Amino acid sequence: MGIISWIILGLLAGAIAKFLLPGRDPGGFIGTTVIGIAGAFLGGWISARWLDHPVAKNFYDGATWASAIGGALVLLIAYRIFFGNSRN
């Protein structure tokens with residue numbers, strides 16, 4: 001998978017993470033999108049580094065999607081914990 005594929009996957013993972021974790025986000029739509037892209041990269045890196053499952057082979061692999069969505073969820077939760085009260 002190339003960088004464009006990871007960005008597209010991150011956009012979709014961010015949308016899915018937002019669907020799974022509804023509520024107001026401090027960064028709005030743009031912040032959630034950036035978190036989704038960063039989460040896709042983070043999830044892919046964690047999966048390849050510590051879970052011994054490189055995800056750079058196929059865009060439609062379930063492990064690739066699970067790692068991207070998981071990474072986006074982790075970053076979205078952390079973002080809400082640290083910056084949750086900045087948008088009232």
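Author: In this text, two residues are in contact when heavy atoms of theirs lie within 4.5 Å. The model is predicted. With that cut-off, what covers the buried residues of α2 can be named: it includes α1 and α3, the latter being residues 62-83.

Reader: How many helices and strands does the chain have?

Author: The chain has three helices and zero strands. Read along the sequence, the pattern is α-α-α.

Reader: Which residues of α2 are called buried?

Author: Buried means under 20% relative accessible area. In α2 the buried residues are Gly-28, Gly-31, Thr-32, Thr-33, Ile-35, Gly-36, Gly-39, Ala-40, Gly-43, Gly-44 and Ser-47. For the whole chain of 88 residues, 33% count as buried.

Reader: What shows how the length of α2 compares with the expected span?

Author: The expected span is 1.5 Å times one less than the number of residues. Helix α2, residues 28-49, has 22 residues, and the expected value is 32 Å. From the first C-alpha of α2 to its last, the helix reaches 31 Å, which is close to that value.

Reader: How do you know whether the span of α3 agrees with its number of residues?

Author: The 22 residues of α3 should span 32 Å at 1.5 Å a residue. The end C-alpha atoms of α3 are 31 Å apart, so the two values agree.

Reader: Which residues of α3 are buried, and what covers them?

Author: Thr-64, Trp-65, Ser-67, Ala-68, Ile-69, Gly-71, Ala-72 and Leu-76 are the buried residues of α3. Their cover includes α1 and α2.

Reader: Why is Gly-71 called buried?

Author: Gly-71 lies in helix α3. The cut-off for buried is under 20%. Gly-71 has a relative accessible area of 6%, and therefore counts as buried. Leaving aside neighbours within four places in sequence, Gly-71 is in contact with Gly-39, Leu-42 and Gly-43. The C-alpha atoms of Gly-71 and Gly-44 are separated by 8.0 Å, although these residues are 27 apart along the chain.

Reader: What makes Leu-75 partly exposed?

Author: Partly exposed is what falls between buried, under 20%, and exposed, over 50%. Leu-75 has 27% relative accessibility, so it counts as partly exposed. Leu-75 is also in helix α3. Not counting residues up to four places away in sequence, Leu-75 touches Ile-35, Ala-38, Gly-39 and Leu-42. From Leu-75 to Thr-32, C-alpha to C-alpha, there are 9.5 Å in space and 43 residues in sequence.

Reader: Why is Tyr-79 called partly exposed?

Author: Tyr-79, which is in helix α3, has a relative accessibility of 25% and so counts as partly exposed.

Reader: What share of the contacts joins residues 24 or more positions apart?

Author: The share is 77%, taken among contacts in the chain with a separation of 6 or more.

Reader: Which residues form the nonpolar patch on the surface?

Author: The patch is formed by Ile-3, Ile-4, Ile-7, Ile-8, Leu-11, Leu-12 and Phe-41, with about 600 Å² of accessible area together. Helix α1, residues 3-20, gives the most to the patch, with six residues. The accessible surface of the chain is about 5,400 Å², and 71% of it belongs to carbon and sulfur atoms.

Reader: Where does UniProt place the feature "transmembrane region"?

Author: The unreviewed UniProt entry places this feature at residues 27-51 and 63-82. In the model, residues 63-82 are 100% helix and 0% strand, and the end C-alpha atoms of this span lie 28 Å apart.

Conventions:
Residues numbered from 1 in each chain as written. Predicted model: local features only at pLDDT ≥ 70, side-chain atom pairs only at ≥ 80, totals over all residues. Heavy atoms only, no water. Patch = residues over 30% accessible without salt bridge, like charges linked within 9 Å, V, L, I, M, F, W, Y side chains within 5 Å. Areas by Shrake-Rupley, 256 points an atom, 1.4 Å probe, with all protein chains shown as cover. Salt bridge = Lys/Arg side-chain N within 4 Å of Asp/Glu carboxyl O. Helix = DSSP H or I, 4+ residues; strand = E, 2+ residues; numbered from the N terminus. UniProt positions renumbered as here; feature names shortened; annotations may be inferred. Buried < 20%, exposed > 50% of the residue type's maximum accessible area, 1.4 Å probe, protein only.
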